[in-house]
Protein chains: 2
Amino acid sequence: MNTIKGEQLLAQVNWRYATSKFDPSRKISPEDWAVVEEALILSASSNGLQPWTFVSSLIKKRAKDFFLRPGTNARFWIARIFVVFTAKTKITSEDIDRHVARTAELRGGTVEALKQFRNAVADDLVTGTRAAEAHEWAARQAYIALGNFLTSAALLGVDTWPMERFKPDEYDQILELPAKRLTSVVCCAAGYRSADDKKAGQKKCVLAGMT
Amino acid sequence: MNTIKGEQLLAQVNWRYATSKFDPSRKISPEDWAVVEEALILSASSNGLQPWTFVSSLIKKRAKDFFLRPGTNARFWIARIFVVFTAKTKITSEDIDRHVARTAELRGGTVEALKQFRNAVADDLVTGTRAAEAHEWAARQAYIALGNFLTSAALLGVDTWPMERFKPDEYDQILELPAKRLTSVVCCAAGYRSADDKKAGQKKCVLAGMT
């Protein structure tokens, strides 16, 4: 346990905002980015199934395809780090078997001992009533990861700009996702706010507290 | 800015797990819970629209309805704190106008100056192609909040148990959500792990890193 103080948490979640202008002269250090990446891949998901992938360095390699197209928001390019959150288009028995095998391997049990869990999950997401909505279920899990990512980055002083409105089909083609039964659901740029970003420091418009 | 060290973040996201047994003798202090609540209501959402509510204290008042029904998982009751994440069933012009009015009020601008933003959002979620999927969009936003909640709680040393498989209709009726155009999408118990929870400390089965 290495907990933080409440005021630290609140300072950083208040500091976070959807950055509208990144500073092109500042780059996230490899050390800080490694921490944010590690926190991201440890995101919670229903039954631990992680029906997602997070694509970043591949985008860097293919920067031209992504960032230099007409109409592309320059923020992506300036931020330098850009993550596409992808989610499974459907869940198969193989997905669950892979998770169960990995669990048994890492935790020192047997696949047999996990059979009840395996069948319950398969009966739900592969053949059950939720099978038809399995992509939507997977997309929601990816949004848990996004929520964790935004908070994790803010705690390290890294700014983010999440974005939903892009062309997923185009991204899917560039990233060769269809063959992997994945589709892009949300993106996020990461970097550091520009000193003259007018959106920084604006009051938070909270609409509803807890009831 | 009051950032934390990378090792602190990683220690706590690694410490987090879906708690299967809570300690009935330990209660979250009002101070800690106030911080977690505050962090939760500051969750990011698309265009800041916050198409959600988080219900907790109301559940406490109606504990009998929730926790003492046959078949209810005792974890809810033992954890003592239980949050239902709800999402709008559809988005109306009034929702957007309310957000715009609040923004103008808090940030000292005029509603008129936000008209372009207002219309773009309404054209998308109220009358546009995404209007039919607006509930699903809202549910995804609630999952961003869940991701933030799980990480925020872990940073304060608070354990959580998120849960998707419950009866939303039943919850909606008890919480009188239909009249508010809301429906429950996911729940989460919060408390402290029991010293003998066998799931604590198990290795994380990460399936995929960043690509």
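View 1. Among contacts in chain A between residues at least 6 apart in sequence, 82% link residues at least 24 apart; two residues are in contact if their C-beta atoms, placed from the backbone, lie within 7 Å. This is a predicted model, in which local features need pLDDT of at least 70 and side-chain atom pairs count only at pLDDT 80 or more, while totals for chains, interfaces and linings use all residues. Residues are numbered from 1 along each chain as its sequence is written, and chains are lettered from A and ligands numbered from 1 in the order in which they are written. Chain A has nine helices and four strands; helices (H or I, at least four residues) and strands (E, at least two) are DSSP runs, numbered from the N terminus. Along the sequence they come in the pattern α-α-β-α-α-α-β-α-α-α-β-α-β. A box of roughly 60 × 45 × 35 Å, taken along the principal axes, holds the C-alpha atoms of chain A.

**View 2. Chain A meets chain B.** Here 67 residues of chain A are in contact with 68 residues of chain B. On the chain A side, α1 (6-15), α2 (30-41), β1 (52-55), α3 (57-61), α6 (93-107) and α8 (134-155) each supply at least two residues. The most come from α8(A), with 13 residues. By type, this side of chain A has 31 nonpolar, 23 polar and 13 charged residues. Ala, Val, Leu, Ile, Met, Phe, Trp, Tyr, Cys and Pro count as nonpolar, Asp, Glu, Lys and Arg as charged, and the others, Gly among them, as polar.

**View 3. A close look at A:G6.** Let's zoom in on A:G6, found in helix α1 of chain A. Is A:G6 buried or exposed? A:G6 counts as buried because it has 20 C-beta neighbours inside 10 Å. A residue is buried if 20 or more other C-beta atoms lie within 10 Å of its own, exposed if 12 or fewer, and partly exposed in between, with C-beta atoms placed from the backbone. Not counting residues up to four places away in sequence, A:G6 touches B:E31, B:D32, B:V35 and B:L156.

**View 4. The open sheet of chain B.** Four strands of chain B line up in the order β1-β2-β4-β3, with antiparallel pairing; two strands pair if DSSP finds at least two bridges between them. At the edges, β1 (52-55) and β3 (159-163) of chain B each pair on one side only. Five bridges join β3(B) to β4 (residues 182-191) of chain B in the antiparallel sense. Within β4(B), B:G191 stands opposite B:D159.
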